[in-house]
Amino acid sequence: MLKKKKKRVLVAVGIACMVGGAAVLAVFDYRRISRKLEKLWLLKTCVVLEIPDLSIEAPILEGTDNEVLSKAAGHFPDTGALGDGNYSLAGHNSTIYAEIFNDLDQVKLGMEITLTDTDEAHTVYTYQVTDYFIVDPEETWMLEDFGDDRITLITCTDDGTQQQVIVWTYQGGGT
């Protein structure tokens, strides 16, 4: 009789563990699927940054706060516009937050980036890497206007102690 009770308890505990495990997996899948659906929606409704050589495609939102950077690249307020001035962007290079720029450490001079506008014509602006360097987190001089048309993209280094800066110079567009 005692063996039957133990067996029933063990079966019940096993079933409870399986149900609990399935629930935890369902929550993680829901979050992952929700993030993917949100990204797809943002890619249809926002300016889109694409770096084909690194298989990076990301929406761009206005602002650089944590809410923006958790789902997209962010455009620094009061910096240039598409194809005009220093269009400065930030994004995460992290496995904890949005993993948009995890492969930017593989960038090379001459690599292209395109920005596709949300205008009716879906205007495409093409830029080419002309510089990349590392700075301390408190440095902001790279956000200034340099008198040319460029993208300045800022993300953290892999260890998170410094900032990686990549500069793409405007090659033309409006097509």
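A search of the whole structure finds three salt bridges, a salt bridge being a side-chain nitrogen of Lys or Arg within 4 Å of a carboxyl oxygen of Asp or Glu. The model is a predicted one, in which local features need pLDDT of at least 70 and side-chain atom pairs count only at pLDDT 80 or more, whereas totals for chains, interfaces and linings use all residues. Residues are numbered from 1 along each chain as its sequence is written, and side-chain values use heavy atoms, with hydrogens and water left out.

One of the salt bridges is formed by K71 with E38, the closest N and O atoms being 3.6 Å apart. This pair links distant parts of the chain, since K71 lies in the loop between α2 (66-69) and β3, E38 lies in helix α1 (residues 2-45), and 33 residues separate them; helices (H or I, at least four residues) and strands (E, at least two) are DSSP runs, numbered from the N terminus. K71 also meets E67 in a salt bridge, with an N to O distance of 3.9 Å. With regard to accessibility, buried means under 20% relative accessible area and exposed over 50%, with partly exposed in between (1.4 Å probe, protein chains only). K71 is partly exposed at 25%, as is E38 at 33%, while E67 is exposed, with a relative accessible area of 57%. A further salt bridge joins the side chains of D148 and R150 at 2.9 Å, N to O; D148 is partly exposed at 24%, whereas R150, at 14%, counts as buried. Through shared partners, salt bridges join E38, E67 and K71 into one network.

Five of the five residues of strand β4 (residues 86-90) are buried, so the strand is largely enclosed by the rest of the structure. N86, S88 and A90 point one way from β4, and Y87 and L89 point the other way, all of them being buried. Strand β3 (residues 73-75) runs antiparallel to β4 and is joined to it by two bridges, two strands being taken to pair if DSSP finds at least two bridges between them. In this pairing, H75 has L89 of β4 as its bridge partner. With strand β7 (residues 150-156), β4 pairs in the parallel sense over five bridges, and the bridge partner of A90 in β7 is I154.

G91 is placed in the loop between β4 and β5 (112-116) and counts as buried at 8% relative accessibility. The C-alpha atoms of G91 and G74 are 6.3 Å apart in space, although the two residues are 17 apart in sequence. Leaving aside its neighbours within four places in sequence, G91 is in contact (heavy atoms within 4.5 Å) with L69, F101, I154, T155 and C156.

A pocket is here an open set of points on a 1 Å grid over the protein atoms alone, where a 1.4 Å probe fits, with protein on both sides within 12 Å along at least five of seven lines; lining residues have an atom within 4 Å of a point. About 290 Å³ of space lies in the second largest pocket, a volume being the space filled by probe spheres set on the grid points, which are joined across faces, edges and corners.
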